[in-house]
Amino acid sequence: MLWLVPLLPLLAAPLLYGLCRDGSRMRLAGLATAVALTTFALAVAALLGDWSGSYRWSSQIQLTLALAPASAVFALTVPLVAAPIVLYAAHHEAQAPTPAALARLMALLLAFVGAMELLVLAADLLTLLIAWELVGALSWSLIGHDWRERGNLRDAGWAFLVTRFGDLGLYIAAAAAFAGSGSFAFTALSSLEGLPLQVFVAGIVLACAAKSAQLPFAPWLFAAMAGPTSVSALLHAATMVAAGVYLTIRLHPSLDAVAWFAPLAMALGLATALAGGVVAGLQGHAKKLLAASTSAHYGLMWLAVGAGYPGAALLHFVVHAFFKAGLFLASGIAEHQVGSYALGAMRLGRSLPGIAVATLTASLALAGVPPLGGAWSKEQIVSAAGHHGTWLALATMLAGAFSAYYATRL
């Protein structure tokens, strides 16, 4: 039964494209939003009914889906965040050069939701690899959606190649897991030890650091800004970039069994959070500011995982997904008004008061101002860092101060 959750948006995507190639925005909005909300409803039913799923490929290989606590949170968050994004895309994204282009974009967005659901529900490394590949291919298609615009395909290719290099780590990890345990199942990872365990953890760190835009892979996020606003919102809030930190949360017990994982994850996360904060503070382009912010906030999540508190990272993921999606969509609406993503041109408080209030609220959450959610999740991450030293807590607070600065600029 659990296969229904990822298969619904994956199968609905080509159907949506076939039915809505005439460019009817109302039909696209209604159908795409309905699919996203139905996917959420199925995820809720799966959680309440304790659904699972498996497909036996051979005597040794079986594709399995299961609901662990982390995967359940992600499975619920992804379609819930996607619903307003596809609604925005149906009403605001361009139909040029033909109405079918908008239908193609909407279909790819839904397929992306399905691929991400498959990724977070995977209970073995082979199913995970299939979903990981789908997410990568669909992200390339979405970033390069406006392929007639000069440079878009180059940027899409750059983002794809950087994350593709990191993907090699997942193949290495899967091979090490199978060599060490004779199985691809997550449940068999506890039997790994010695060299296979070391290689497995190294492969996972490489794959996840590239996917979640941690240093030195962070620049691919700026190339991803070539895609439409709705694509940027979905990639940065709850899908592509989230895949890396999800896997570190999901596999934390196995990763933490290696002594060097915790200090490496904390170092990567803190360095990315600080660097991303500085870069975002210097940006005058709204989408690129938010891109640097995304890298920085996923750095904070990596820091929490490395500190031994994956629950704090999971909480910050949920909070970040909602306010970051809102900020991207608000930036897109402002760009439609002024024809530019330049922050200096987006002084639209009087002409778009509702959007201005929503942007202010999301920016306060980004800055970590109580009583908004960002304040509580950041406080948990600072507390987690504090268990490893006062200096680490102070450095984490500095990263939070950077986010307050660039949120104020936004």
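Predicted model: local features only at pLDDT ≥ 70, side-chain atom pairs only at ≥ 80, totals over all residues.
Local features need pLDDT of at least 70, side-chain atom pairs count only at pLDDT 80 or more, and totals for chains, interfaces and linings use all residues. Residues are numbered from 1 along each chain as its sequence is written, and side-chain values use heavy atoms, with hydrogens and water left out.

User: Is H12 roughly parallel or roughly antiparallel to H13?
Analyst: Helix H12 (residues 261–282) packs with helix H13 (residues 286–306) at about 160 degrees, the axes being 7 Å apart. Helices are DSSP runs of H or I with at least four residues, strands runs of E with at least two, numbered from the N terminus. Axes are lines fitted to C-alpha atoms over the stretch in contact, and angles run from 0 to 180 degrees between N-to-C directions. Angles over 145 degrees count as roughly antiparallel, so H12 is to H13 roughly antiparallel.

User: Which residue in S2 is the bridge partner of arginine 56?
Analyst: Strands S1 (residues 53–56) and S2 (residues 62–65) run antiparallel and are joined by four bridges; two strands pair if DSSP finds at least two bridges between them. They form a hairpin with five residues between them. Tyrosine 55 stands opposite leucine 63, while the partner of arginine 56 is glutamine 62.

Key: Parallel < 35°, antiparallel > 145°, perpendicular 65-115°, else oblique.
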